Amino acid sequence: MSDVPEQWRWFPDARFGLFIHWGAYAAYGRGEQVLFREHLDQRDYARRACAWAPAHFDAAAWAATARRAGMRYAVLTTRHHDGFCLWDSQCTDYTAAAQAAGRDFVREYVEAFRAAGLRVGLYYSLADWRIPAYWEGPEHDPEGWAAFRGYVHSQVRELLTGYGPIDVFWFDGAWPHDQRAWGSLELVEMMRGLQPHILINNRLGAAPPDAAPSADGGAGAGESRTLGDFGTPEHHITAERDRLWESCQVATWRLWGYTVGERWRPADLLLDMLIEATQKGGNLLLNVGPQPDGQLPPQFVERLDAIGRWMEVHCEVIRGAEPGEVCEFVTYGRQVRSGSVLYLVIRFWDGRPTLTLAGLETRVERAELLTTGQELAVEQSDDHLTVTGLPVERPTPLFPVIKLQCAEPPVARPWARARLWGGDPRRMTPWASARGPSVFADGRRRP
């Protein structure tokens with residue numbers, strides 16, 4: 001997007017952020033929504049939450065891990081759907097500061113991540129599963145709902161007045177109530193008044209049925225285009241038009257909060273998600289559920305360190321990249337553009353000395369194996385570019401990258417501007433006609 005306001009340009013340039021789902025639910029080791037999914041006793045859960053006292057929480061260690069991986073911002077769950085708060089809220093005593101932990105984890109996080117040069121984001125769940133009025137809603141308990149909504153607005157105000165500049169605010173849990181019920185418009189106006197440069201996500205509730213036609217009326221969180229500054233596709237990487245967006249993804253197979261026995265996705269798959277989001281013009285917000293004691297799971301640290309080593313050499317592929325692949329490259333990997341440079345990210349290394357790219361119209365002036373700095377030879381015809389001199393062995397455990405310096409911003413040949421199964425099919429007729437019209441091997445008709 002070329003019309004991103006100056007104060008928000010850091011966001012698409014960053015491309016890579018850390019999502020942190022952490023709270024008293026970590027002690028259960030069964031995900032962040034264990035209270036609801038297992039219909040736990042509310043009183044027992046509250047007692048256990050108040051007794052939770054992580055002894056090894058070190059926000060500086062978290063920040064250092066994110067920084068090494070090439071991340072540029074983070075978002076911490078200040079309060080999830082269970083209602084337990086990680087900061088010293090004056091609206092309730094159901095907080096880490098007022099209970100056994102005796103610490104304001106939000107303050108420690110904000111200060112440590114800022115000190116590491118990272119942008120700071122806060123997640124806040126509108127839902128609170130402890131409160132009957134949340135379930136009843138304004139239709140069935142108007143007085144209780146008004147008090148609960150006031151509590152929500154007051155807590156957001158606390159978070160935006162007690163911790164200095166906040167770069168990102170990430171709402172969640174609007175279901176089943178719409179924007180009008182939550183007072184989302186008034187909430188956003190208050191937030192803008194407190195922090196004019198803040199980025200606010202789109203999970204502020206679906207548009208009411210009688211909203212203006214410009215409202216999308218999406219059902220549930222994550223679909224509103226009427227409030228919020230960026231989209232948040234979850235568990236998938238889908239580009240959104242005309243606004244900033246980030247895909248939030250787990251580093252495990254499914255759950256966001258710490259889960260004993262969860263399977264971990266490998267580092268190459270996590271890196272591939274980052275490259276796919278970059279290629280499509282968005283960000284990747286990669287999640288971790290820290291352990292109950294406050295430490296990051298070693299499996300997560302191991303994977304982030306691997307990505308960090310790749311980023312040390314290849315960060316230009318991610319930083320400030322432009323959306324859109326130029327021509328067909330799926331048989332090898334992905335493409336990323338930046339100005340007059342086309343990066344070929346090789347997902348599938350075949351060990352052959354040559355690689356051929358079809359459909360690039362722009363003249364290539366220089367080719368380099370960015371991974372090692374090796375100069376590569378190129379031969380270019382109308383339809384094909386052949387790169388030679390590639391090593392047999394994969395030069396990095398993750399994805400090698402070929403950097404093509406083009407004479408101008410790269411574009412595709414007319415026939416290659418649409419991908420397979422897309423575009424006008426007749427554009428390929430001359431290609432097929434060169435063989436001949438018949439079904440026989442030589443293309444010639446038979447009597």
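In the predicted model, the axes of helix α4 (residues 59-68) and helix α5 (residues 105-115) come within 8 Å and cross at roughly 40 degrees. Axes are lines fitted to C-alpha atoms, for helices over the stretch in contact, and angles run from 0 to 180 degrees between N-to-C directions. Helices (H or I, at least four residues) and strands (E, at least two) are DSSP runs, numbered from the N terminus. The helices α4 and α5 are therefore oblique to each other; angles under 35 degrees count as roughly parallel, over 145 as roughly antiparallel, 65 to 115 as roughly perpendicular and the rest as oblique. Their crossing is right-handed, a crossing being right-handed if the near helix is turned clockwise from the far one by less than a right angle, and left-handed if anticlockwise. Ala59, Ala60, Trp62, Ala63 and Ala66 of α4 make the contact with Glu108, Tyr109, Ala112 and Phe113 of α5, where contact means heavy atoms within 4.5 Å. These residues comprise eight nonpolar, no polar and one charged (nonpolar: Ala, Val, Leu, Ile, Met, Phe, Trp, Tyr, Cys and Pro; charged: Asp, Glu, Lys and Arg; polar: the others, Gly among them).

Helix α6 (residues 132-140) packs against helix α7 (residues 142-161) at an angle of about 120 degrees, with the axes 7 Å apart. This pair is therefore also oblique, and the crossing of α6 and α7 is left-handed. On the α6 side, the contact involves Ala133, Tyr134, Gly137, Pro138, Glu139 and His140, which meet Pro142, Gly144, Trp145 and Phe148 in α7. Six nonpolar, three polar and one charged residue form this contact.

The largest nonpolar core holds 100 residues, of which Phe113, Phe169, Phe171, Leu286 and Trp310 touch the most other members. Such a core is a set of buried Ala, Val, Leu, Ile, Met, Phe, Trp, Tyr and Cys residues joined through side-chain atoms within 4.5 Å. Beyond its neighbours within four places in sequence, Phe171 contacts Tyr124, Leu126, Val156, Leu187, Met191, Ile200, Asn201, Arg203 and Leu204. A second, separate core of 23 residues includes Cys327, Ile346, Leu385 and Ile402.

Overall, the protein has twelve helices and 15 strands. Of its 447 residues, 52% are buried (under 20% relative accessible area; exposed is over 50%, partly exposed in between; 1.4 Å probe, protein chains only).

Residues are numbered from 1 along each chain as its sequence is written, and side-chain values use heavy atoms, with hydrogens and water left out. As the model is predicted, local features need pLDDT of at least 70 and side-chain atom pairs count only at pLDDT 80 or more, whereas totals for chains, interfaces and linings use all residues.
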